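Colleague: I am new to this structure and would like to learn how to read it. Could you walk me through it?

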2 protein chains.
Amino acid sequence: MSEKKEVRKYDTALFLEEIQKRVAIPEGEFEKFLTLWEFRKFNRNEFILQSGEVPKFSIFVLKGCLRQYIMNEKGEESIVYFAEERHFIGDLQSIRNKTISIYNFQAIEECELLTISAENWEQAFIEFSWWTKAHLTGYQKWAASLQQQMVEHHTLTGEVRYLNLLKAKPKLFQRVPQHYIASYLGISPETLSRIRKKIFNS
Amino acid sequence: MSEKKEVRKYDTALFLEEIQKRVAIPEGEFEKFLTLWEFRKFNRNEFILQSGEVPKFSIFVLKGCLRQYIMNEKGEESIVYFAEERHFIGDLQSIRNKTISIYNFQAIEECELLTISAENWEQAFIEFSWWTKAHLTGYQKWAASLQQQMVEHHTLTGEVRYLNLLKAKPKLFQRVPQHYIASYLGISPETLSRIRKKIFNS
DNA sequence: GAATAACGTTGACTAAAGTCAAGAAATTAA
DNA sequence: TTAATTTCTTGACTTTAGTCAACGTTATTC
């Protein structure tokens, strides 16, 4: 039991660190804040949240890697986000408005997550002003990077985007299947295979 | 003088409406809030903010239409956002961190704007909690739509994306040049011309 | 550890979109 | 109103990426 507690301490330190990157937390408030979150484990390939449902929680990843993707009418998947350790992920719009989400969230590896319900999420805003601030900053950063990503997709070839992603998130390539990378980049698996062949034979 | 004041009243009502869509404003606070904003006019094609500079303000559009775009090393433009009436626009990341922006903001038509400085922006968060809330909600919505846009760009052809945009923002097509639409959609002007030919000849 | 499934590669072909160049049409400015 | 400029269109060609099918290679799973 004491051992388990020790592990949890280590884990949540990661969470604390990540928030402190964005904002200063008043002494003692983090512990209270943590009680709003729940620890969950998921197995490889297990679904965490499914499209067509109102999402039950939002997520911070302590360990593992998961993907957010959408499936169109033809059954084709399109990955919009990978969340590795230290990343927040979820469909906040749907959670807060209690509307159906169009996204699936699936564990790519065995995952350890901290999750927070819609109610506790709203509670966190009321109780902790620093959380609101951190959240705002996070969103600003994220929206800016999404916009940047759009530009890249408009102006660069698949090959260049592949190289950029490889440079930006090298570890990702060692933990997710290649066709997931292709889906995220918005190209077919075959095209990615050919891009790699071209790059690594020259 | 009294006539001018009347005009301003009408204009800011638009601003009030737009915020009230997101959040309820306590009696009397809007007037105080308004003092943090400045009214500005820009001529057609005039630059409002330039890349390579720290942006001096963030924007709400009362009248007219402007574009946010990036220019790459080759001198090619890529439009990331159109702001028509009732829209917020700016590079908040750069404003708040006082870093150089990569985006240009240019008036497409004669524009009437409300602008807010970095200092007043931070002040608004401190003074008006409803503004923080409205802002958070706005960002959530925007980020979600950017993600959705990424998916569309990954999975749909230029033709379908053109039709979707036409459906979503029909008025935009009557006020901005066609090659701006092409740039925003991430296709060449020639391709857009051909898409239109194909659509309207069948 | 054999069977099964998932993943990655390759070839041949097709489709979508970009590029370059020329010229028509429309808009703006003098 | 005319001249200048910008915008749009079209043709010919190239590049990039998608599709379908086959097959080899890894991983899983029982």
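Predicted model: local features only at pLDDT ≥ 70, side-chain atom pairs only at ≥ 80, totals over all residues.

Colleague: Now the charged residues, please. How should I read a salt bridge, and how many salt bridges are there over all chains?

Modeller: The general idea is that side chains of opposite charge can pair when their charged atoms come close. Here, the count over all chains comes to 28 salt bridges. One of them joins the side chains of Glu109(A) and Arg175(A), with 2.7 Å from N to O.

Colleague: Which parts of chain A does the pair of Glu109(A) and Arg175(A) tie together?

Modeller: Two loops. Glu109(A) sits in the loop between β7 (103-107) and β8 (111-117), and Arg175(A) in the loop between α6 (158-168) and α7 (178-185), so the pair links parts that are 66 residues apart in sequence. Glu109(A) is partly exposed at 22% relative accessibility, and Arg175(A) is partly exposed with a relative accessible area of 22%.

Colleague: Where do Lys198(A) and Glu159(A) lie?

Modeller: In helices. Their side chains meet in a salt bridge of 2.8 Å, N to O. Lys198(A) belongs to helix α8 (residues 189-200) and Glu159(A) to helix α6 of chain A, so this pair ties together parts 39 residues apart in sequence. Lys198(A) is exposed, with a relative accessible area of 52%, whereas Glu159(A) is partly exposed at 23%.

Colleague: And an example from chain B? Is Arg67(B) buried or exposed?

Modeller: Arg67(B) is buried, because its relative accessible area is 3% and buried means under 20%. Its side chain meets that of Glu77(B) in a salt bridge of 3.0 Å, N to O. Glu77(B) lies in strand β5 (residues 77-83) and Arg67(B) in strand β4 (residues 66-71) of chain B, so the pair ties together parts that are ten residues apart in sequence. Glu77(B) is partly exposed, at 36% relative accessibility.

Colleague: Which residues do salt bridges that share partners join into one network?

Modeller: That network is made up of Glu17(A), Glu18(A), Lys21(A), Arg22(A) and Arg86(A).

Key
Residues numbered from 1 in each chain as written. Chains lettered and ligands numbered in written order. Heavy atoms only, no water. Salt bridge = Lys/Arg side-chain N within 4 Å of Asp/Glu carboxyl O. Helix = DSSP H or I, 4+ residues; strand = E, 2+ residues; numbered from the N terminus. Buried < 20%, exposed > 50% of the residue type's maximum accessible area, 1.4 Å probe, protein only.
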